[in-house]
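Morning, everyone. Please have a look at the sequence and the model, and then I'll walk you through some contacts.

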Amino acid sequence: MTKQQANWSPYDNNGGSCVAIAGADYCVVAADTRMSTGYSILTRDYSKICKLADKCVMASSGFQADVKALQKLLAARHLIYQQQHNKQMSCPAMGQLLSNTLYYKRFFPYYSFNVLGGLDSEGKGCVFTYDAVGSYERVGYSSQGSGSTLIMPFLDNQLKSPSPLLLPALDAVTPLSESEAVDLVKTVFASATERDIYTGDKLEIVVLNAEGIRREYIELRKD
Amino acid sequence: MSQAAVEVPPKGGFSFDLCRRNDMLSKKGVPLPSFRKTGTTIVGLIFQDGVILGADTRATEGPIVCDKNCEKIHYMAPNIYCCGAGTAADTEAVTEMVNSQLQLHRYHTGGRESRVVTALTLLKSHLFNYQGHVQAALVLGGVDVTGPHLHTIYPHGSTDSLPFATMGSGSLAAMAVFESKYHEGLTREEGINLVCEAICSGIFNDLGSGSNVDICVITKGHKEYLRNHHMPNPRTYFHSQGFSFPKKIEVLFTKVTPLKEMVGVIEGGDAMEE
């Protein structure tokens with residue numbers, strides 16, 4: 001007798017893409033604002049980016065219900081940290097917390113593909129990229145989501161991050177200026193929107209630097 | 001004469017021999033290659049002077065757009081056009097086949113204008129024979145001596161004759177527009193605008209449809225194929241300067257293997273033996 005397969009899945013994929021690029025003294029985190037299910041659009045105006053701490057922003061694509069639950073959990077843990085240590089969590093610390101939180105649900109994962117971007121304690125840009133169960137790595141740039149297969153090769157070509165296996169360890173940040181990096185992100189999303197049906201509508205760009213956090217929106221194709 | 005039976009290839013159609021092997025492979029986790037579908041919005045309506053057909057121009061392979069501007073309105077006869085949704089190869093093949101058959105039929109019957117019901121019968125019998133394995137969903141429209149006609153044809157071979165019709169993944173979005181705004185006796189301008197609106201509804205609300213609107217207007221003795229009649233999706237962002245692609249491909253090792261032997265010809269050699 002063959003094993004009975006489930007005819008209901010607790011997961012759904014709401015589509016979308018996210019990107020993060022680390023610079024010498026800034027970090028750019030971007031995601032599109034389309035939320036979809038199957039072949040339909042649920043909304044054209046949904047933010048996938050969440051500010052976790054003063055210098056730490058997370059963008060997540062995948063199943064948005066799981067993403068919302070994850071964001072809520074991390075916000076609560078951050079509040080506790082602030083009460084206990086009397087300071088904001090640094091980006092690398094939040095990176096480790098996110099990894100542990102994801103692995104905690106190793107056997108019923110958060111269907112959430114995350115990139116964490118921010119400034120480390122020295123003020124340099126840092127980007128962490130995750131899989132659904134918490135494996136993470138600090139990199140110079142990353143993309144996740146439905147358009148990542150279209151975006152990543154182009155970023156590899158333009159930004160080529162040095163291998164983490166090299167000794168002595170090379171800086172993972174890109175030499176591009178902030179405006180050049182934002183321009184690159186806009187181009188990359190315009191191209192991904194052309195070929196990926198789940199990416200489009202609007203692009204939300206969040207830039208973190210010494211002055212603070214700034215948000216920018218640009219229109220993408222709506223078809 | 002050998003005793004072994006002669007292997008005769010099956011008489012056309014589909015061979016299901018590999019189904020068991022495909023099943024075994026997919027159980028082992030090897031995915032089937034995806035085929036190109038035209039996740040589509042196609043529509044047709046009858047107006048006072050004839051028929052208007054409309055289609056979007058996006059072709060998809062799963063979640064990726066493989067053609068941003070393909071043609072989904074296929075020529076069948078000078079007075080008959082057919083929009084196709086479903087597997088792109090199937091719609092192309094079936095419409096081209098019936099196009100040829102109609103042309104031959106015209107030659108056999110004294111050059112008379114083809115009738116829409118002829119195309120309809122040829123298409124539906126072909127699709128029924130293949131029991132739905134040829135995944136083509138069509139909207140067939142044209143004007144012949146008996147008047148304007150509009151039909152929908154489903155992959156299993158059933159047909160409907162309607163005053164307005166939509167097919168494809170965006171059919172619900174388009175039908176919502178038709179059901180609100182369609183009425184009998186539309187003028188040419190009203191008809192084109194309505195078809196355009198219905199396709200745009202599919203383009204913006206259905207992820208399987210997109211890019212531009214193609215329209216075809218068929219009236220008695222005249223047809224107009226308006227390719228890219230409406231283009232509501234220009235690219236939103238252009239990079240100011242171009243991109244440089246720095247890394248050149250390094251040549252690590254070169255080896256030349258000649259495929260043909262170079263043979264020298266000697267004049268005045270020995271004569272060939274008888």
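Contact here means heavy atoms within 4.5 Å. On that basis, 27 residues of chain A and 29 residues of chain B take part in the contact between the chains. Some ground rules. This is a predicted model, where local features need pLDDT of at least 70 and side-chain atom pairs count only at pLDDT 80 or more, while totals for chains, interfaces and linings use all residues. Residues are numbered from 1 along each chain as its sequence is written, chains are lettered from A in the order in which they are written, and side-chain values use heavy atoms, with hydrogens and water left out.

Now the interface. Buried area is the accessible area (1.4 Å probe) that two parts lose on being put together, summed over both. For chain A and chain B that comes to about 2500 Å², with 54% of it on carbon and sulfur atoms.

Next, charges. A salt bridge is a side-chain nitrogen of Lys or Arg within 4 Å of a carboxyl oxygen of Asp or Glu. Two salt bridges link chain A and chain B. One of them pairs R58(B) with D223(A), closest N and O atoms 3.2 Å apart.

Which elements of chain A are involved? Helices (H or I, at least four residues) and strands (E, at least two) are DSSP runs, numbered from the N terminus. β4 (40–43), α3 (148–159) and α4 (178–195) of chain A each supply at least two residues of the side that touches chain B. α4(A) gives the most, with eight residues.

Over all chains, the structure holds 22 salt bridges. Take D32(A) with K48(A): the closest N and O atoms are 3.3 Å apart. D32(A) lies in strand β2 (residues 26–32) of chain A and K48(A) in the loop between β4 and β5 (49–53) of chain A, so the pair ties together parts 16 residues apart in sequence.

Last, a helix pair in chain B. A173(B), A174(B), V177(B), F178(B) and K181(B) in α4(B) meet residues of α5(B), including L194(B), A198(B) and N205(B).
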